[in-house]
Amino acid sequence: MEPQTSVRTSLQLGIYKIIDPFVKLLIKVGLTPNAVTSIGFILNVGVAAIFIIGAEDGNRGDFTYVGWAGGLILFAGLFDMLDGQVARLGNMKSVFGALYDSVLDRYSELIMFLGICYYLVAHHYFLSSIFAFIALIGSMMVSYVRARAEGLGVDSKGGLMQRPERVITIGVCAIACGVASSYLGGDYKMYIPGIKWHVFETMSIFTFPITILAVLTNLTAFKRLVNAKKALSEKEE
């Protein structure tokens, strides 16, 4: 087991211990895993709505909408963990439930990035919107490579930017951007003598991690592809 996988598993187990009482409450009130998955999807539609409203009604230097969207991203992401735990603790696992979860996770991520790209384009962060779209491509390919490999009978998991990491990165950085704008101001820019263009602005707190995400998600997808090739070669031998 890779060190990063071990750390990730340990963190997941720790989070499960914290959320299990809430999971048991959800089971007690009669929520099914599919219902929990649906709630997470609806919340992500709300994330996109906040970004779109911010694009239409907000000003370029007003990152309040970004901050609120970040908070909702993390809250919606919590339901990604809750549905699996509801299925396990409530003994409600099903093959269709696993499929439904995977499909709505993809829709949730697509809709979230739709909102982000809309916001960035509307406020003329064109380069950042391109990186956001590349991050979306990488995010989808990370999931697709794993699903296709499993369809061929091999496992291809792991990598730096799986869905929980993507959700946490975007959510935390969006919140940080919203909070920082209250102190730095939405129009803050940092210049270095001798360089014509600014090297940092308030929005960079949100857009720079997305740029990193664009790189790492595609590297993760490539790493999974290489792992799948190795596993398929061993299987054929």
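Which helix gives the most to the lining of the largest cavity? H2 does, with five residues.

The model is predicted: local features need pLDDT of at least 70, side-chain atom pairs count only at pLDDT 80 or more, and totals for chains, interfaces and linings use all residues. Residues are numbered from 1 along each chain as its sequence is written, and side-chain values use heavy atoms, with hydrogens and water left out.

View 1. One cavity of 30 Å³ or more is found in the whole structure (a set of points on a 1 Å grid over the protein atoms alone where a 1.4 Å probe fits but cannot get out; lining residues have an atom within 4 Å of a point). The largest cavity holds about 50 Å³ of space. Its lining comprises 14 residues, of which Thr37, Gly40, Phe41, Asp80 and Asp105 are the closest to the centre. At least two lining residues come from each of H2, H3 and H4 (helices are DSSP runs of H or I, at least four residues). Five of the lining residues are nonpolar, four polar and five charged.

**View 2. Largest nonpolar core.** This set of buried residues (under 20% relative accessible area, 1.4 Å probe, protein chains only) is joined through side-chain atoms within 4.5 Å. Of its 41 members, Phe51, Ile116 and Phe206 touch the most others. H3 (64-89) is among the elements giving two or more residues, and contributes the most, with nine.

**View 3. Surroundings of Phe206.** Leaving aside residues up to four places away in sequence, Phe206 touches Phe51, Val66, Ile116, Ile170, Cys173, Ala174 and Cys177 (heavy atoms within 4.5 Å).

Terms used:
Buried < 20%, exposed > 50% of the residue type's maximum accessible area, 1.4 Å probe, protein only. 1 Å grid on protein atoms, 1.4 Å probe; cavity = no way out; pocket = protein on both sides within 12 Å on 5 of 7 lines; lining within 4 Å. Points joined across faces, edges and corners; volume = space filled by probe spheres on them. Nonpolar A, V, L, I, M, F, W, Y, C, P; charged D, E, K, R; others polar.
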